[in-house]
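Q: I have a structure open here and would like to go through it with you. Could we take it piece by piece?

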2 protein chains.
Amino acid sequence: MIITAQQLSRLDSRTRINTINSLSGFKSASLIGTVNEQGGYNLAIISSIVHLGADPALVGFIARPHTTRRDTLENILATGVYTINHIHEGIIAQAHQTSARYDAGISEFDATGLTPLITDHSAAPYVKESHIRYSLRFVEKLDIAANGTHMIIGEVSEVQLPDDSLDASGKIDLEAAGTVAISGLDHYHSTRTLNRFSYAKPDQPLCSLLTEPV
Amino acid sequence: MIITAQQLSRLDSRTRINTINSLSGFKSASLIGTVNEQGGYNLAIISSIVHLGADPALVGFIARPHTTRRDTLENILATGVYTINHIHEGIIAQAHQTSARYDAGISEFDATGLTPLITDHSAAPYVKESHIRYSLRFVEKLDIAANGTHMIIGEVSEVQLPDDSLDASGKIDLEAAGTVAISGLDHYHSTRTLNRFSYAKPDQPLCSLLTEPV
């Protein structure tokens, strides 16, 4: 079937949100941990993480328009630090619950039962239950004129992950760590490996990098 | 284990690329179809698609620094149109092969055996083999000072998808369409549903939206 732009614009708001949010494909499932200037912790689920580059190690995410209270964005701009924590199968319900609109004084850690992990490295809390997590230092905020959203860019300042999750190439095995993917607003998925391929070159067939069949 | 920023900076380039590319979590697996002003088609795999908003329906992706020939970016800026085509299990090898550095005159369609699908809607080619695909009109280019990359933003102008892939809420069932996820540079994954949750509210338990157990 074909959906035209005109048909899209006539959909009711909730239907259009569901369609367009799932159209972009599978998304990273993460929790952003921040701290405000009074020392209060905030935790927010985010599915708009995007890899920007490896040297320097830069990661971006999309923040909604800053026209109302936005704890995560305000905390990052105020303190300059934040953490990103992978969501695994065991914490999908608690992670989803962080999206509820809690009052300003309430920490999503307390409300959902997830545990803040404080380290010497950063004032921003990690999520103790996450298997893969990293700290960032705020670098740049880009304003997206088309809809008032913002791209927040940070440089990775520390990575914490299970001892056995790095392979010989340096790749992190997300599947072994139980990291999940999101589609749309509310759909959580585990993954299964289909294949890994060699670096592609013209006129040369791809090789599988898997050492055992899946 | 903990990897410090200093340790990250000392990794050899290839290892750091593998670690940081997988650190951001699962990514959308898509092919971008473009056309140049001479009518030549280009196809490029991209894993940096990000949902920006539903009204207007905006999708972004990250283009590498425009310091050398970048067919996809140049074609989008020249013609103002492009397509994004989901990668499904049946075309992962062909999709990965589009990342090879072909000479300027060679179309990745010809090189990989994927089929351009031309419509009245846009000058940019769809990928006929894709199950879910959409057209975009270029809206905005943001320059990321931190590493010279660019965020390319487009508005969705048409969606093509299987007849039975929209549920009552308007959500697209990516899993039924076989859409895959990517981790790192070269790892392709299928997915399995863990759960779907209701809209989260404070002091109210989440409900599962699944009508049958998975």
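Q: Which residues is His88(B) in contact with, leaving aside its neighbours within four places in sequence?
A: His88(B) is in contact with Glu129(B), Ser130(B), His131(B), Ala177(B), Gly178(B), Thr179(B) and Val180(B), once neighbours within four places in sequence are set aside. Please keep in mind that this is a predicted model.

Q: And where does His88(B) lie?
A: His88(B) belongs to the loop between β7 and α4 (92-97) of chain B.

Q: Is His88(B) buried or exposed?
A: His88(B) counts as buried, because its relative accessibility is 11% and the cut-off for buried is under 20%.

Q: What about confidence, for chain A say?
A: The average pLDDT of chain A is 96, and 99% of the residues score at least 70. For the complex, the predictor gives an ipTM of 0.96 and a pTM of 0.97.

Q: Then the interface: how many residues of chain A are in contact with chain B?
A: There are 96 residues of chain A in contact with 96 residues of chain B.

Q: What area is buried between chain A and chain B?
A: About 8,400 Å² is buried between the two chains, and carbon and sulfur atoms give 62% of that area. Met1(A), Leu23(A) and Phe26(A) supply 10% of the area that chain A buries against chain B, more than any other three residues. The size of an interface is often given as the accessible area lost when the parts come together.

Q: How many salt bridges and polar contacts are found there?
A: Across the interface of chain A and chain B there are four salt bridges, together with 54 residue pairs in polar contact. Asp186(B) forms a salt bridge with Arg196(A), and their closest N and O atoms are 2.8 Å apart.

Q: Leu23(A) came up just now. Which helix of chain A has Leu23(A) among its buried residues?
A: That is α2(A), whose buried residues are Thr15(A), Arg16(A), Asn18(A), Thr19(A), Ile20(A), Asn21(A), Ser22(A) and Leu23(A). Helix α2 covers residues 13-23 of chain A, and eight of its 11 residues are buried, so the helix is largely enclosed by the rest of the structure. After α2(A) comes Gly25(A), with a positive phi near 95°.

Q: Which residues have the most contacts inside the largest nonpolar core?
A: They are Phe61(A), Tyr134(A), Val156(A), Phe61(B), Tyr134(B) and Val156(B), in a core of 56 residues.

Q: Moving to helix α3 of chain B, which of its residues are buried?
A: Asp71(B), Thr72(B), Leu73(B), Asn75(B) and Ile76(B) are the buried residues of this helix, which covers residues 71-79. Their cover includes β3 (30-35), β4 (41-46), β6 (57-63), β7 (81-86), β10 (133-143) and β11 (150-160) of chain B. Just after α3(B), Gly80(B) has a positive phi of about 80°.

Q: And Thr72(A), what does that one touch?
A: Not counting residues up to four places away in sequence, Thr72(A) touches Ile32(A), Thr34(A), Asn42(A), Ala44(A) and Phe61(A). Thr72(A) lies in helix α3 of chain A and is buried, with a relative accessible area of 13%.

Q: Where is Ala44(A) in all this?
A: Ala44(A) is in strand β4 (residues 41-46) of chain A and counts as buried at 18% relative accessibility. Ala44(A) and Asp71(A) are 27 residues apart in sequence, while their C-alpha atoms are 8.9 Å apart in space.

Q: Last one: what phi does Asp203(A) have?
A: Asp203(A) has a positive phi of about 55° although it is not a glycine. Asp203(A) is found in the segment after β13 (187-196) of chain A and counts as exposed at 79% relative accessibility.

Note on methods. Residues are numbered from 1 along each chain as its sequence is written. Chains are lettered from A and ligands numbered from 1 in the order in which they are written. This is a predicted model: local features need pLDDT of at least 70, side-chain atom pairs count only at pLDDT 80 or more; totals for chains, interfaces and linings use all residues. Side-chain values use heavy atoms; hydrogens and water are left out. Buried means under 20% relative accessible area, exposed over 50%, partly exposed in between (1.4 Å probe, protein chains only). Helices (H or I, at least four residues) and strands (E, at least two) are DSSP runs, numbered from the N terminus. Contact means heavy atoms within 4.5 Å. A nonpolar core is a set of buried Ala, Val, Leu, Ile, Met, Phe, Trp, Tyr and Cys residues joined through side-chain atoms within 4.5 Å. pLDDT is the predictor's confidence in each residue, from 0 to 100. Buried area is the accessible area (1.4 Å probe) that two parts lose on being put together, summed over both. A salt bridge is a side-chain nitrogen of Lys or Arg within 4 Å of a carboxyl oxygen of Asp or Glu. A polar contact is a pair of N or O atoms within 3.5 Å; within protein, one must be able to donate a hydrogen and the other to accept it, and residues adjacent in sequence count only if both atoms are side-chain atoms.
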